[in-house]
Amino acid sequence: MGVLDHVSEMFDCSHSHKMKKRKQLQTVEIKVKMDCEGCERKVRRSVEGMKGVSSVTLEPKASKVTVVGYVDPNKVLARMAHRTGKKVELWPYVPYDVVAHPYAAGVYDKKAPSGYVRRADDPGVSQLARASSTEVRYTTAFSDENPAACVVM
């Protein structure tokens, strides 16, 4: 939006004085189980006609739907759940490279697609994923990168 657009909106007398807040372009990732091509078509059509949606991308093997557009994530979830009758949730996984300890309890998830682990936003889970200082001290004591490591090794 340029300066002229901003100035012209300020002095425009055709609309009311309430300024309407514009929605931000968002990428909403949703987890929904798709068994067949019919399910894929049903999921795609449930959100394609929604106002503000720019694109819909399906990854059936990962059970992932990506919706890009000027939309509210909660409205997309509600509409998809209502139209398809399936259990939907926001994408709960992150790539395992992002997490410090991907195999810690509370982070590792057997149901996650390959290369992903559960998001660890919960402080109780993130504490489980961190190694204690004693653990770190013992594992680095016998490391090849430690110049003062044990000579026997």
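Confidence in the predicted model is summarised by a mean pLDDT of 77 for the protein, with 65% of its residues reaching 70 or more. Residues 123–129 form a stretch over which pLDDT stays under 50; for this stretch the model has 10 contacts beyond four places in sequence.

The second largest pocket has a volume of about 180 Å³. Its lining consists of K31, V32, K33, S63, K86, K87, V88, E89 and K111. Two strands, β1 (26–32) and β4 (88–90), each contribute at least two residues to this lining. In terms of residue class, six of the lining residues are charged, two are nonpolar and one is polar.

Among the residues that line this pocket is S63, which is located in the loop between β2 (53–59) and β3 (64–69). The backbone of S63 has a phi near 55°, a positive value in a residue other than glycine. Most residues other than glycine have a negative phi. S63 has a relative accessible area of 17% and is therefore classed as buried, the cut-off being under 20%.

One aromatic pair was identified in the model. This pair is formed by W91 and Y93, whose rings lie 5.3 Å apart centre to centre, with 85° between the planes. The arrangement is accordingly edge-to-face, a class assigned to planes over 60 degrees apart. Both partners are buried: W91 has a relative accessibility of 3%, and Y93 has a relative accessible area of 3%.

Note on methods:
Residues are numbered from 1 along each chain as its sequence is written. This is a predicted model: local features need pLDDT of at least 70, side-chain atom pairs count only at pLDDT 80 or more; totals for chains, interfaces and linings use all residues. Side-chain values use heavy atoms; hydrogens and water are left out. On a 1 Å grid over the protein atoms alone, a cavity is a set of points where a 1.4 Å probe fits but cannot get out, and a pocket is an open set with protein on both sides within 12 Å along at least five of seven lines; lining residues have an atom within 4 Å of a point. Grid points are joined across faces, edges and corners, and a volume is the space filled by probe spheres set on the points. Helices (H or I, at least four residues) and strands (E, at least two) are DSSP runs, numbered from the N terminus. Ala, Val, Leu, Ile, Met, Phe, Trp, Tyr, Cys and Pro count as nonpolar, Asp, Glu, Lys and Arg as charged, and the others, Gly among them, as polar. pLDDT is the predictor's confidence in each residue, from 0 to 100. Contact means heavy atoms within 4.5 Å. Buried means under 20% relative accessible area, exposed over 50%, partly exposed in between (1.4 Å probe, protein chains only). Rings of Phe, Tyr and Trp (its six-membered ring) pair if their centres lie within 6.5 Å; planes under 30 degrees apart count as stacked, over 60 as edge-to-face and the rest as tilted.
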